[in-house]
Amino acid sequence: MNKPAPKTFHVKSFGCQMNVYDGARMAELLEAEGLSAATGADEADLVVLNTCHIREKAAEKVYSDIGRLRRDDGSSPMIAVAGCVAQAEGAEIPRRAPSVDIVVGPQAYHRLPDLVREAQKGGRGARAVDTDMPAESKFDALPARRRQGPTAFLTVQEGCDKFCTYCVVPYTRGGEVSRPWQAVVDEAKALVDAGAREITLLGQNVNAWEGEDEAGRVQGLGGLIRALDRLPGLDRIRYTTSHPNDMRDDLVNAHKDVASLMPFLHLPVQAGSDRILKAMNRSHTVESYLRQIDRVRAARPDIAISGDFIVGFPGETEEDFAATLALVARVEHAQAFSFKYSPRPGTPAATMGDQVAAEVMDDRLQRLQALLNKQQHDFNQAKLGIRTQVLIERDGKKSGQRIGKSPWLQSVIVEDGPAIGSLVDVDIIAAGPNSLTGAIAS
Ligand code: SAH
Ligand code: SF4
Ligand code: F3S
């Protein structure tokens with residue numbers, strides 16, 4: 001029995017910014033096929049769960065979500081599992097969750113319309129699985145960008161060759177690939193034409209981006225940023241995530257010379273003990289990391305530093321953890337993300353001895369987050385009384401209230417209702433742990 005063709009869809013993204021970008025592109029692809037966006041998963045004929053495999057909790061969430069898609073009459077929508085869990089688990093997913101019709105990996109989602117047709121044809125029980133990492137680029141097969149809203153993500157680099165011993169990304173996303181110069185410039189232009197004033201360039205190791213410009217000269221991310229800076233209508237450029245070993249001079253210098261490049265750097269260090277960094281295969285030391293921070297601060301003294309931390313990596317002692325706290329104290333972060341180590345199937349760290357007990361991880365995470373939260377609050381308070389520019393992104397909770405971002409990526413609440421998409425001068429009149437309050441400068 002053939003299944004009816006879905007007319008409406010809903011895409012739910014669980015992961016990092018690149019996963020969110022992929023979700024937006026899948027939505028555009030389905031719209032180009034004639035489907036329309038449903039108001040939510042309950043109303044959709046096709047639900048795409050765009051999953052994340054980075055930690056166990058994220059990966060397991062997909063199964064409870066699949067269960068929740070069952071409707072009162074016992075029916076389910078057509079279900080596609082996309083993203084990094086799809087890549088890691090493949091055909092195992094429909095074995096465990098038989099209501100799943102389609103499994104599609106992060107490098108194959110341009111084939112989603114074909115997979116939908118395949119799933120339809122086969123009738124109940126048929127499954128379409130595509131976790132290829134094809135040589136042809138999905139980007140070439142996707143429809144042109146058409147989005148609104150003042151901020152946009154743009155994937156410029158994908159994959160990872162670094163193989164940190166805890167991490168699934170090299171397996172779920174494949175090796176490092178840079179998108180060509182012209183493809184990036186064209187997509188940025190299309191985003192600006194569609195209303196974007198700020199673009200965040202994305203990559204698992206975005207600062208490893210490399211390509212040839214129009215004149216055939218080899219350029220790094222700094223050169224690409226300089227080219228995008230020349231696009232009329234693009235007011236702000238950001239990039240994430242960077243690796244400490246790929247901070248080249250051209251990028252550091254761009255922070256000095258390029259006004260539209262925002263003073264923000266997400267540069268994960270993960271841990272503050274050289275012994276643990278070595279076991280993580282991070283291929284940098286505490287000292288070489290701190291040297292990178294010094295370089296970017298010399299180029300742009302007000303730059304906001306952000307990072308990622310893992311506590312409780314196998315073998316981490318109290319002394320190792322104290323070294324992480326000491327590193328955090330030296331760097332003074334504007335914000336950061338911190339996680340308990342989560343053993344991931346197939347990664348070398350998962351089978352290392354000396355796994356750290358859950359209570360010990362809880363305690364370390366709490367202590368680390370207390371320090372990071374205090375640093376974030378201090379960073380916010382240091383902006384009290386200054387005048388700065390805020391890009392207004394969305395409505396706030398109260399009527400007339402809007403929320404935007406400062407150059408340092410802080411959320412700023414503005415009471416007096418500036419239009420979404422406007423770049424306004426505000427005076428910072430209050431600074432809390434998680435946001436600033438601004439008044440339009442008169
Ligand atoms: N490519 C980026 C980020 C990758 S994933 C980078 O190298 O910085 C985002 C963050 O998730 C990582 O920086 C790390 O802090 C965290 N992470 C990755 N694998 C993890 C694991 N197994 N357990 C806990 N946290 C993990
Ligand atoms: Fe994962 Fe390390 Fe690659 Fe980042 S650099 S994606 S943490 S393997
Ligand atoms: Fe998650 Fe994949 Fe991103 S594992 S963090 S969605 S690259």
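Start by selecting C16. Its relative accessibility is 38%, so C16 counts as partly exposed; buried means under 20% relative accessible area, exposed over 50%, and partly exposed in between, with a 1.4 Å probe and protein chains only. C16 sits in the loop between β1 (8–13) and α1 (17–32). Helices (H or I, at least four residues) and strands (E, at least two) are DSSP runs, numbered from the N terminus.

A word on the ground rules. This is a predicted model, in which local features need pLDDT of at least 70 and side-chain atom pairs count only at pLDDT 80 or more, while totals for chains, interfaces and linings use all residues. Residues are numbered from 1 along each chain as its sequence is written, chains are lettered from A and ligands numbered from 1 in the order in which they are written, and side-chain values use heavy atoms, with hydrogens and water left out.

**The cysteine cluster**

UniProt, in an unreviewed entry, places the feature "binding site" at C16, C52 and C84. They are spread over 69 residues of sequence, yet they cluster in space, with a largest C-alpha distance of 10.4 Å. UniProt positions are given in the numbering used here, feature names are shortened, and annotations may be inferred rather than shown by experiment.

Is C52 buried or exposed? At 13% relative accessibility, C52 counts as buried. Find C52 in the loop between β3 (46–51) and α2 (56–68). Beyond its neighbours within four places in sequence, C52 is in contact (heavy atoms within 4.5 Å) with F14, G15, A58, A59, C84 and V85.

**Two ligands**

Now select ligand 3. Around ligand 3 are C16, N19, T51, C52, H53, I54, C84, R173 and Q204; a residue is near a molecule if one of its heavy atoms lies within 4 Å of it. That shell around ligand 3 has four nonpolar residues, four polar and one charged. Ala, Val, Leu, Ile, Met, Phe, Trp, Tyr, Cys and Pro count as nonpolar, Asp, Glu, Lys and Arg as charged, and the others, Gly among them, as polar.

Go to ligand 2. Its surroundings include C160, C164, C167, Y166, H243 and R282. The ligand 2 shell has seven nonpolar, two polar and two charged residues.

**Into the core**

Stay on Y166. In the largest nonpolar core, of 64 residues, Y166 is one of those that touch the most other members, along with L201, L221, I225, L228, Y239 and Y289. Apart from that core lies another of 26 residues, including F9 and Y109. A nonpolar core is a set of buried Ala, Val, Leu, Ile, Met, Phe, Trp, Tyr and Cys residues joined through side-chain atoms within 4.5 Å.

Select T240 and T241. The peptide bond from T240 to T241 is cis, with omega near 0 degrees.

Next, Q270. Its phi is near 75 degrees, a positive value in a residue other than glycine. Q270 counts as buried because its relative accessibility is 7%.

Finish at D354. Its phi is also positive, about 60 degrees, although D354 is not a glycine. D354 is exposed, with a relative accessible area of 62%. Look for D354 in the loop between β16 (335–340) and α14 (358–381).
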